[in-house]
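Thanks, everyone. I'll keep this quick. Have the structure up while I talk.

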Amino acid sequence: MSARPLALSSRIPQGFAHAGLLWPSLGVILVFMVAPIAIMLTYSFLVPGAYGGVEWTFSTAAYEQILFERDFLDDSLTFTPDYLIIVARSLIQATVATLLCLVISVPTAYYIATRSDRVKNIWLFLITIPYWVNLLIRTIALLFVLRDDGPINSALLDVGVIGQPLALSYNGFAISLGLIYSFLPFMVLPLYSAFERFDFRLLEAAYDLYASRRVAFFRIVLPVMRPGLIAGSLLVFIPSVGSYLAPDILGGGKTLMIGNLIGTQFQAARNWPFGAALSMILLTITLIVLLWLARRAAQQQRSN
Amino acid sequence: MQRAIIEPNPTPPADSKAASPSKPGSLLQHPNSVAAEVRNLRKIYNVGSPQAHEALKDVNLSIRANEFFTLLGPSGCGKTTLLRILGGFEMLTSGTCRIFGEDVSRLPPEARPVNTVFQQYALFPHMTVRRNIAFGLEMLGKPKAEVERTVERMLDLVHMREYADRRPDTMSGGQRQRVALARALAPQPKLLLLDEPLSALDLKLRQKMRLELKSLQRETGITFIFVTHDQEEALAMSDRVAVISNGHLQQVGTPEDIYEQPQSRFVADFIGESNLIEAKVADSAGSEAAFDIEGFGQVQAPIGQRVEVGQQVWLSIRPERLVLGAVHREGPQATVTDRTYLGNAVEYHLRAGKHALTARSPRGGLRGRQDFAPGDAVSLGFEPGSIKVLLS
């Protein structure tokens, strides 16, 4: 076992096995990820300029603004939950979208993974088809489907099931639908590969050892597939929390999520430090979720 | 394809009172009771479709309690299907399957007092050795103290105590094999099914595990049903062997029976090596008969069943029982076409008329045994009783 990496590296010509190969991607990450985050972090501790931009004065006002409202007469701070509600709504929307994606994806991924190779490839190909169309266009298309005079409401009205159009668009429901629709493949694909690697003989072994179908699912299938479940959930949850398009277009800008709030601060509101502070909060939430999952995985590893 | 289905040896009738309750956990097995019994068992895959395939064709078999019983046959013969039907992983198409008298034909695996050692072990990768072994006991709802006690006993039984807190993916094939055994034995099944458990191991380890398996079976007193395509393995470990080919049971008997008294060409050829020679009955008198072999002459051989003069039969003779000598007398002769040195023996390939034969001589050429070179003419002698007459 231990000889394998050696054998592998001995086959690669010396001059090519070089850490320098990593520099292009490291450079991209440095320039386009680390630097902007550093700038954002800096801006979040500054004071907004009158016409956008920042003034170079240190201040924690941007962070205070998330929880408190400053009275412009006497400068006193009063607690306001408005922004917390938006953060909570974002978390709830993302959690709901993630859970629904899970529920939809498990049977789908299981079905695809248990087909023959040829059929498998057709299904995987079909799953990627939506990505041939730009997300903005797809989201707008979904809005047209959900609108009061869209095909769903028209059909239901024509049949006479409903007397007036259902409120399908410009609300939380539409946002959830948009998030699920946008990120579903990110759940299906990791689950598919987890199911494909899953050794179904483990189930036979579980039944052989007197496990019921339910117990075998919870004690064997789920734990063995945990890495796939976590990967899929993260791939859906993280972009969902900060999503901008779905709430903007399908929510009609009425139901704000944290992504839209941040966008507004940099555009209409011209409060860059506040936008930067909100971005840092979003980043922190993401990191907390990641760390929590990593810790849980490590605990799981130890406790078994 | 073989025509005859050979009935297994008569087994003592199943005593209905000896049939134990279906719950696993009891090691009490009546020495003469029937552990597993299949009657008129048929298994057809994809019934009704163009790919329908009959894997088992009317199999009748009785396996005694406390027996190390082996299902032996080439790959695709139906032996694994039979094991999986006993384990409940495949549903039989028709017939019955009883375990200690109870009809389990329609029971799922979790309702059978049977555990399995799977071919690739199928150990739970997210659990340690200890948790793997405990799984079956926990599923049976055993009290925690008992589970722990049994797990410790199993760890000792398979000499895996020092690996108790390791995970399967950090262990070698032989170690996994032991864990799989311990996991399957822990719930004290009435029947242990083993699906080619040694096939993934290298030769030395395989030979060692053969002995371990055999002694484990004696220690636990559990009936083992072992599937293999390796005839040497089957002969070395089993109390009785069932030879299966093409979905038919060819012969059931002790390893000696199977090797010394093959009842069909398939068994003679599959178990060890055999020279199979077509012959016609020339004369038959009582328990002896004379056979004409084309381009070869006439030989005498004892017969176990009635034959008609002129009937077509096959004569089987093991290479080690074919004696070569210098040409000095009347009788069958052959020409050496090839000589292979095997270390502990020398193998001669011979041509006698249209027949190609193989003879094996222990320490050929040494200690008074005469050695031969390709091109030599030799006389053929048969040890008494070495020729088996096969009708099919």
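Domain bounds here come from an automatic or database domain assignment. For chain B, that assignment gives domain 1 (34-113 + 189-267) and domain 2 (273-390).

Conventions next. This is a predicted model: local features need pLDDT of at least 70, side-chain atom pairs count only at pLDDT 80 or more, and totals for chains, interfaces and linings use all residues. Residues are numbered from 1 along each chain as its sequence is written, while chains are lettered from A and ligands numbered from 1 in the order in which they are written.

Back to the domains of chain B. Taken over C-alpha atoms, the centres of domain 1 and domain 2 of chain B are 34 Å apart. How many residues are in contact between them? On the domain 1 side of chain B, 4 residues; on the domain 2 side, 5. In contact means that the C-beta atoms, placed from the backbone, lie within 7 Å. The domain 1 side of chain B divides into 1 nonpolar, 2 polar and 1 charged. For those classes, Ala, Val, Leu, Ile, Met, Phe, Trp, Tyr, Cys and Pro are nonpolar, Asp, Glu, Lys and Arg are charged, and the others, Gly among them, are polar.

Now the chain contact. Chain B puts in 21 residues and chain A 16. Strand E6 (114-117) and helix H2 (129-139) of chain B each supply at least two residues of the chain B side. Helices (H or I, at least four residues) and strands (E, at least two) are DSSP runs, numbered from the N terminus. H2(B) gives the largest share of that side, 4 residues. By class, the chain B side has 12 nonpolar, 7 polar and 2 charged residues.

Stay on E6(B). B:Val114 and B:Thr116 point one way, B:Asn115 and B:Val117 the other, and all are buried. Buried means 20 or more other C-beta atoms within 10 Å of a residue's own; 12 or fewer is exposed, in between is partly exposed, with C-beta atoms placed from the backbone. E6(B) pairs in the parallel sense with strand E7 (residues 191-195) of chain B, over 4 bridges. Pairing needs at least two DSSP bridges between two strands. Opposite B:Val117 is B:Leu194 in E7(B).

There is also an open sheet in chain B. Its 4 strands run in the order E2-E1-E4-E5, with antiparallel pairing. Strand E2 (53-64) and strand E5 (102-103) of chain B are at the edges, each with a single partner strand, so one side of each lacks a neighbour in the sheet. Strand E1 (residues 34-45) of chain B pairs with E2(B) over 8 bridges, antiparallel. There, B:Tyr45 is opposite B:His53.

On to the core. A nonpolar core is a set of buried Ala, Val, Leu, Ile, Met, Phe, Trp, Tyr and Cys residues joined through C-beta atoms within 7 Å. The largest has 88 residues, and B:Ile225 is among the members touching the most others. Beyond four places in sequence, the contacts of B:Ile225 include B:Ala36, B:Phe69, B:Leu86 and B:Leu194. A second, separate core has 42 residues, including A:Phe186 and A:Trp272.

Most residues other than glycine have a negative phi. B:Asp58 has a positive phi of about 55°. B:Asp58 is in strand E2 of chain B and is partly exposed, with 15 other C-beta atoms within 10 Å. B:Ala122 also has a positive phi, near 50°. B:Ala122 is in the loop between E6 and H2 of chain B, and is buried, with 24 C-beta neighbours inside 10 Å.

Conventions
Two residues are in contact if their C-beta atoms, placed from the backbone, lie within 7 Å.
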